[in-house]
Amino acid sequence: RPLITERLGFEAAAELPEEVRRDVSTRDRLSLQPLVQDLYELDRVEVRKSLISPVMDGLFARARISSGELCSWYNGLRRTHEEVN
């Protein structure tokens, strides 16, 4: 299945790899396959320029999301509370 690649600001993988597996971030690495879009998020959300701040990005729904429905996973670099406070 081809992936949606418009408006990303970088060249994403054009096709899904033959094997897709869970790819949890660590404190030093976001992903082993950073150019492969998340399959769960593919039809639900997209990143675009923020409507609040022109220098930031925002997460926008691609489809109607019901209250309480999971729409995206956070996969940022892992830090402890002490490190970020």
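**View 1. R29 and its salt-bridge partner D23.** R29 is partly exposed, with a relative accessible area of 27%, where buried stands for under 20% relative accessible area, exposed for over 50% and partly exposed for values in between (1.4 Å probe, protein chains only). The side chain of R29 meets that of D23 in a salt bridge at 3.4 Å, N to O, a term that denotes a side-chain nitrogen of Lys or Arg within 4 Å of a carboxyl oxygen of Asp or Glu. D23 likewise counts as partly exposed, at 22% relative accessibility. The model is predicted, so local features need pLDDT of at least 70 and side-chain atom pairs count only at pLDDT 80 or more, whereas totals for chains, interfaces and linings use all residues. Residues are numbered from 1 along each chain as its sequence is written, and side-chain values use heavy atoms, with hydrogens and water left out.

**View 2. The salt bridge between E46 and R62.** The closest N and O atoms of R62 and E46 are 3.2 Å apart in this salt bridge. Because R62 lies in the loop between strand 2 (57–61) and helix 1 (81–84), while E46 belongs to strand 1 (residues 45–49), the pair ties together parts that are 16 residues apart in sequence; helices (H or I, at least four residues) and strands (E, at least two) are DSSP runs numbered from the N terminus. R62 is partly exposed at 32% relative accessible area, whereas E46 is buried at 11%. Salt bridges with shared partners join E46, R48 and R62 into one network.

**View 3. The salt bridge between K49 and D57.** K49 and D57 form a salt bridge whose closest N and O atoms are 3.7 Å apart, and both residues are exposed. A search of the whole structure finds 5 salt bridges.
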